[in-house]
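Subject: Structure for you to look at

Dear colleague,

Here is the structure that I said I would pass on, and my notes on it follow below. Please open it alongside this message as you read.

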Amino acid sequence: MLKHWNMLLIILTYSLVIFGTFLTRSGVLSSVHASPRALSGRRFFAFIGLTLVTSIALLLRRWPELRGETEMKSMLSRRPSSC
């Protein structure tokens with residue numbers, strides 16, 4: 001179960017970092033590093049969408065293989081069910 005969450009959080013973190021880069025570099029948010037006339041904004045935004053969709057598709061394809069060795073009895077207990 002935690003492997004699924006870890007992979008989802010990794011994908012979300014990567015996507016948000018790239019989206020933050022897009023916001024800064026495209027000039028939506030003013031920054032020292034913002035390009036005044038960046039023409040690659042649409043391509044960069046498409047890249048973000050493509051990587052997000054591809055990552056989610058790969059995760060869903062491998063979803064059954066990420067199943068943990070033990071199952072958790074309770075969300076509040078750290079003891080696996082095999083004990």
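How many residues does α1 have, and how far does α1 reach from its first C-alpha to its last? The helix has 25 residues and spans 36 Å between those two atoms, close to the 36 Å expected at 1.5 Å a residue, where the expected span is 1.5 Å times one less than the number of residues in the helix.

Before the details, a word on the basis of these values. The model is a predicted one, in which local features need pLDDT of at least 70 and side-chain atom pairs count only at pLDDT 80 or more, while totals for chains, interfaces and linings use all residues. Residues are numbered from 1 along each chain as its sequence is written, and side-chain values use heavy atoms, with hydrogens and water left out.

**The chain as a whole**

The secondary structure consists of two helices and zero strands, these being DSSP runs numbered from the N terminus (H or I of at least four residues for helices, E of at least two for strands). Of the 83 residues in the chain, 12% count as buried, a term that stands for under 20% relative accessible area, with exposed meaning over 50% and partly exposed in between (1.4 Å probe, protein chains only). The chain exposes about 7000 Å², of which carbon and sulfur atoms supply 65%; such areas come from the Shrake-Rupley method with a 1.4 Å probe, and for residues only the protein chains shown count as cover. Among contacts (heavy atoms within 4.5 Å) between residues at least 6 apart in sequence, 56% join residues at least 24 apart.

**Between the helices**

The buried residues of α1 are His4, Ile11, Ser15, Ile18 and Phe22, and they pack against α2.

Three aromatic pairs were counted, under the rule that rings of Phe, Tyr and Trp (its six-membered ring) pair if their centres lie within 6.5 Å, with planes under 30 degrees apart taken as stacked, over 60 as edge-to-face and the rest as tilted. One of them joins Phe19 and Phe45 in a tilted arrangement, 6.3 Å centre to centre with 55° between the planes, and this pair links distant parts of the chain, since Phe19 is in helix α1 and Phe45 in helix α2, 26 residues apart. Phe22 and Phe45 also form a tilted pair, at 5.1 Å centre to centre and 40° between the planes; Phe22 lies in α1 and Phe45 in α2, so this pair ties together parts that are 23 residues apart in sequence. Phe19, Phe22 and Phe45 form one aromatic cluster.

Is Phe22 buried or exposed? Phe22 is buried, because its relative accessible area is 12%, whereas Phe19 is partly exposed at 31% and Phe45 is partly exposed at 46%.

Leaving aside neighbours within four places in sequence, Phe19 is in contact with Phe45 and Ile48. Phe19 and Gly49 lie 30 residues apart in sequence and 9.5 Å apart in space, C-alpha to C-alpha.

**On the surface**

A nonpolar patch is formed by Leu2, Trp5, Leu8, Leu9, Leu12, Leu16, Leu52, Ile56 and Leu60, which together have about 840 Å² of accessible area. Patches are made of residues with over 30% relative accessible area and no salt bridge, like charges being joined within 9 Å and nonpolar side chains (Val, Leu, Ile, Met, Phe, Trp, Tyr) within 5 Å; a salt bridge is a side-chain nitrogen of Lys or Arg within 4 Å of a carboxyl oxygen of Asp or Glu. The elements that give two or more residues to this patch are α1 (2–26) and α2 (41–61), and the largest share, six residues, comes from α1. Leu12 lies in helix α1 and counts as partly exposed because its relative accessibility is 46%.

With best wishes
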